[in-house]
Amino acid sequence: MALPIIIDCDPGIDDAIALLSAFVSPELNILGICAVCGNQPLERTVRNALQITELGGRSDIPVYAGCYRPMFRAPIHGQFHGQNGLGKTELPPPVKEVESLHAVNFLIESCESAIARQEKITLCSLGPLTNLATALSMKPSIAGGIERLVLMGGAYREAGNRSMTSEFNMLADPHAAHVVFSSQIPTVVLSLDATHQAILTPEHVARFIAVSGRISQPLGELMAFWDRNDVRRYGSRGGPLHDPLVIAYLLAPALFTTEKARVFVEHESELCMGQTVADWYGKSGQEPNVEIVTHVNAEKVFALFYGLLARYAENS
Ligand code: BDR
Ligand code: CA
């Protein structure tokens, strides 16, 4: 049976690649896509989610609009996703409409109905955690309907990518991250420590363009825009495959090594706001609460994505 999942995201170039990969994975039953303020303001992440859903031929998946703002801090937006959040890619205006139910209520209703059926849902978070933290603040009991949260966010042994200490998704809503990491939901974390092991080089991009059939042009544009041209930082041309690793982890967890640790999120200090701190060696006296991915078999992960995105050629 396909794994029931909800994808909470802020598209965003790498969110878009993650969505397109998930759409062609029959192992995943995508119950809905929630958009949140993050890489772009909410109106734009909703629109991008609708457009990507149509590009992927998955208009059957409902899209829900979530929170307009982080819990407490002022919004910040992504710096590497271009003006509209999808680089220079121009997709047709969406025909599909956003659902009228709020994403937070969708999360609550989905978890409650899973609990009533004695089932559980896997949540995939590709952006700031505002929607989930708000849902947990409104109804903490929904944690009982969540099998696992697999999220992209944080930086442990790596430095931050938006501030010296902090990764974008954590810095964009550190208070939400604090709520979620305090919630006891079984959590797997794909942080910068993992995503910097999977750099999407121009050679990879050329191969994706070659295999991906009817989406090859927009996919190639998205991926080419993602090139940071920062060899000093990444060791090669290209950009880290952040959000798609969440989907790869769901499909092929054997390609990832994890270590358990207690994680704390700095949500008070100005200098280190949004920093994720892992207690690797039991200094806090508290039990581990997450599994942090420490190693990625990047070659096999790229092979997985070639296979997935080639399905768009099969379906042309
Ligand atoms: C994360 O920040 C966003 O810009 C990306 O979409 C990804 O979710 C990486 O730090
Ligand atoms: Ca994202």
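Select D227 to begin: this residue is partly exposed, at a relative accessible area of 21% (buried means under 20%, exposed over 50%, partly exposed in between, with a 1.4 Å probe and protein chains only). The model is predicted, with local features requiring pLDDT of at least 70 and side-chain atom pairs pLDDT 80 or more, while totals for chains, interfaces and linings use all residues. Residues are numbered from 1 along each chain as its sequence is written, chains are lettered from A and ligands numbered from 1 in the order in which they are written, and side-chain values use heavy atoms, without hydrogens and water.

R237 is partly exposed, at 41%.

Move to K139 and E112, another salt bridge, with the closest N and O atoms 3.0 Å apart. E112 belongs to helix 3 (residues 103-116), and K139 to the loop between helix 4 (130-138) and strand 5 (146-152) (helices, H or I of at least four residues, and strands, E of at least two, are DSSP runs numbered from the N terminus).

Then select R58 and D60, whose side chains form a salt bridge at 2.9 Å, N to O. R58 is partly exposed at 22%, whereas D60 is exposed at 54%.

Finally, display helix 11 (residues 244-251) and helix 12 (residues 298-309), whose axes come within 11 Å and cross at roughly 90° (axes are lines fitted to C-alpha atoms, for helices over the stretch in contact, with angles from 0 to 180 degrees between N-to-C directions).

How values were computed:
A salt bridge is a side-chain nitrogen of Lys or Arg within 4 Å of a carboxyl oxygen of Asp or Glu.
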